[in-house]
Amino acid sequence: MDHVRSWLRGSPPRREAGEGEVAQNGGVIREPPMEIDGRCLTIEEFREHLQGLTFPEGRPNRVFLHHTWRPTRDTWAGRTSILGMKAYYEQQRWVDEQGRQHEGWTAGPHLFIADDGIWLFSDLNYDGVGVAGHNTGSRHIEMVGNFDVALPDGRTWANTVAATALLLERLGLQPEQLSFHRDYSTKTCPGRMVQKPWVISQVQRWLDEDRAARRARDTALRQRLTDLAGELLFPAANGTALADAARQRGLLGPISNEVPIELGGRAYIVQLYAEALLVPVYRWDEVASLGELEATGALADAASSPAGAKTAPEDQSLPIDDVTTPPYDVIRFDGKLR
């Protein structure tokens, strides 16, 4: 990733001893193999994955949508295709600021989205490569398929809408801030048939429905815990400073009336409140309060998602080369980001 970030800054990449290998034919610097994640996630697993991101170099401020053109939805072969894309990027030549030739990128797009799920490629914590001159602070989503000739639909589109919505929400961006590759290129990417107002409306609707569903689940959870506490809880007041503060903090409810006390010559009102803590069985280091769960939706997400990442089956009958020939709309990079 240091190489890509160096290209973006316009400075030569820093090189550690043994990091790159100079080939004997022509002095081309062969970069180390690209590091990719390679997992295929469901929508709910992707939501959980986003919560663990730390963005050590600052929060990204832009999300780009692309299409692969090749491979198409018909030729997509899951992990075999992912390895094919990795192999393709590792063969690409580029020239650094000092005029030296390199072979192989060290990063690419962040997600490939297909019928079988949301494939993690380059690390979402860091910038990748997707649009020449506009990669700093950007994240790149590749829809699998050729959408110059047809609109995306089915599971590919459902997964794309959800992943785009969740990523934008995690970054604190609005759907109307979504960028297309063609906004900064002569390419048609993410496809002639794909129009931004349509995409934005689909992403916004998904977000609205998801947030409403989370609010409903949170309300149901709070009611269930309140019922569990039974007569231990006192009726919650409305409009008082303590009651309002308790709701903002996600506290379960009062376990005493408001009582006046004096401390250090100053009058106070005190009220004791119950706090609910929950922890998944056999995951004892994941304790969270009711308020924290309501804020993140983590309990509802985990409840609707099986543990562990799902990986699509690998089709050994398809050679890797078949899924990258010709990859015209796989984003090219020539070392001269414009």
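Is Trp105 buried or exposed? I looked this up first. Trp105 has a relative accessibility of 0%, so I count Trp105 as buried. I note that the model is predicted.

**Entry: aromatic pairs**

How many aromatic pairs does the structure hold? I found nine. I started with Tyr89 and Trp105. Their ring centres are 4.8 Å apart and their planes meet at 15 degrees. Planes under 30 degrees apart count as stacked, so this pair is stacked.

Next I checked where the two residues lie. Tyr89 belongs to helix α3, which covers residues 79–89. Trp105 is in the loop between β6 (101–103) and β7 (111–114). The pair therefore ties together parts that are 16 residues apart in sequence. I also looked up the accessibility of Tyr89. Its relative accessible area is 0%, and Tyr89 is buried.

Then I turned to Trp157 and Trp198. This aromatic pair is stacked, at 4.6 Å centre to centre with 10 degrees between the planes. Trp157 lies in helix α4 (residues 154–171), and Trp198 lies in helix α5 (residues 196–229). The pair ties together parts that are 41 residues apart in sequence.

Are Trp157 and Trp198 buried or partly exposed? Trp157 is at 8% relative accessibility and counts as buried. Trp198 is at 27%, so I wrote it down as partly exposed.

**Entry: the cluster and a charge**

Which residues form one aromatic cluster? I listed Trp76, Tyr88, Tyr89, Trp105, Phe112, Trp119 and Phe121.

The charged end of Lys196 sits over the ring of Phe180, 5.2 Å from the ring centre.

**Entry: Glu31**

Where is Glu31? I found Glu31 in the loop between β2 (29–30) and β3 (40–41). Its relative accessibility is 6%, so Glu31 counts as buried. What does its side chain contact? The side chain of Glu31 makes a polar contact with the side chain of His102, at 2.6 Å.

**Entry: strands around β8**

Strand β8 covers residues 117–120. I looked up its partners. β3 pairs with β8 in the antiparallel sense, over two bridges. β7 also pairs with β8 in the antiparallel sense, over four bridges. What joins β7 to β8? A hairpin does, through two residues.

Last, I checked Ile118 in β8. Leu41 stands opposite Ile118. Ile118 is also the bridge partner of Ile113.

Conventions
Residues numbered from 1 in each chain as written. Predicted model: local features only at pLDDT ≥ 70, side-chain atom pairs only at ≥ 80, totals over all residues. Heavy atoms only, no water. Phe/Tyr/Trp six-rings, centres within 6.5 Å; stacked < 30°, edge-to-face > 60°. Buried < 20%, exposed > 50% of the residue type's maximum accessible area, 1.4 Å probe, protein only. Lys NZ or Arg CZ within 6 Å of the ring centre and 35° of its normal. Polar contact = N/O pair within 3.5 Å; in protein donor to acceptor, adjacent residues only side chain to side chain. Pairing = 2+ DSSP bridges.
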